[in-house]
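This report describes a single protein chain from its coordinates. The headings go from the overall fold to individual side chains.

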Amino acid sequence: MGLPIAVVQDGAPELWKALATALHNEPVVGEWTEVLDWYHLDERLSLCLDLCESAKKREAQRKRWHDKLLSTEDGMSAVLRSLRRKARALDDERAEELGAHIRYFARNKHRTHYASYKKHCLPIGS
């Protein structure tokens, strides 16, 4: 058994496609773990907070999301539920903008098992 391979990057589909193509063509690589870069994720969470939280509540909400993501296997499901609830309370323009972030997180959900990555000593950020 070789060393585990973890690939940490932004969620852009074209990046993941290029990476998967390259790794599939590498004979010594059998498997790898794909990780949505924590710093990119947190940047997006900040944009979500800008859209749906008052300045007074931002840090408490960020901490709740971080705690879910870092301590539970499927923390992104809880974050997505929270974001969808918040989107329903917004005007149409802000809800659509938040919706774009929700779709990004949903599309990359399988790359956000941070509690498991940490347990296996895999990197979560670049």
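## Basis

This is a predicted model, in which local features need pLDDT of at least 70 and side-chain atom pairs count only at pLDDT 80 or more, while totals for chains, interfaces and linings use all residues. Residues are numbered from 1 along each chain as its sequence is written, and side-chain values use heavy atoms, with hydrogens and water left out.

## Overall fold

The protein chain has six helices and two strands. Helices (H or I, at least four residues) and strands (E, at least two) are DSSP runs, numbered from the N terminus. Read from the N terminus, the order of elements is β-α-β-α-α-α-α-α. Along the principal axes, the C-alpha atoms of the protein chain fill a box of roughly 50 × 30 × 20 Å.

Of the 126 residues in the protein chain, 44% count as buried. Buried means under 20% relative accessible area, exposed over 50%, and partly exposed in between, with a 1.4 Å probe and protein chains only. A contact means heavy atoms within 4.5 Å. Among contacts between residues at least 6 apart in sequence, 67% join residues at least 24 apart.

## Helix α1

Helix α1 consists of twelve residues, 13-24. The expected span of a helix is 1.5 Å times one less than its number of residues. For α1 this gives 16 Å, and the end C-alpha atoms are 16 Å apart, which agrees.

The buried residues of α1 are Trp16, Leu19, Ala20 and Leu23. They cover an arc of only 100 degrees around the axis, so they lie on the same side of α1; the arc is that of the directions from the helix axis to the C-beta atoms. Glu14 and Lys17, on the other side of α1, are exposed. The cover over the buried residues of α1 includes β1 (6-9) and β2 (33-36).

## Aromatic rings

A pair of aromatic rings is described by the distance of the centres and the angle of the planes. Rings of Phe, Tyr and Trp (its six-membered ring) pair if their centres lie within 6.5 Å; planes under 30 degrees apart count as stacked, over 60 as edge-to-face and the rest as tilted. By this rule there are three aromatic pairs. In one of them, the rings of Trp38 and Tyr114 have centres 5.0 Å apart and planes at 90 degrees, so the pair is edge-to-face. Trp38 lies in helix α2 (residues 38-52) and Tyr114 in helix α6 (residues 114-119), so this pair ties together parts that are 76 residues apart in sequence. Trp38 is buried at a relative accessible area of 10%, and Tyr114 is buried at 0%.

The rings of Tyr114 and Tyr117 have centres 5.9 Å apart and planes at 90 degrees, so this pair is also edge-to-face. Both tyrosines lie in α6, three residues apart, about one turn of the helix, and both are buried.

## Charges over rings

A charge sits over a ring if NZ of Lys or CZ of Arg is within 6 Å of the ring centre and within 35 degrees of the ring normal. The charged end of Arg44 sits over the ring of Tyr104, 3.6 Å from its centre. Arg111 lies over the face of Trp16, at 4.0 Å from the ring centre.

## Nonpolar cores

A nonpolar core is a set of buried Ala, Val, Leu, Ile, Met, Phe, Trp, Tyr and Cys residues joined through side-chain atoms within 4.5 Å. The largest core has 25 residues, of which Leu41, Leu69, Leu83, Leu98, Phe105 and Tyr114 touch the most other members. Two or more residues each come from β2, α2, α3 (58-71), α4 (75-88), α5 (92-107) and α6. The largest share, seven residues, comes from α2.

Not counting residues up to four places away in sequence, Leu83 touches Cys48, Trp65, Leu98, Ile102 and Phe105.

## Two single residues

His101 lies in helix α5 and counts as buried at 9% relative accessibility. Residues up to four places away in sequence aside, His101 touches Arg44, Leu47, Cys48 and Leu51.

Asp67 is in helix α3 and is partly exposed, with a relative accessible area of 37%. Asp67 and Leu15 are 52 residues apart in sequence and 28 Å apart in space, C-alpha to C-alpha.
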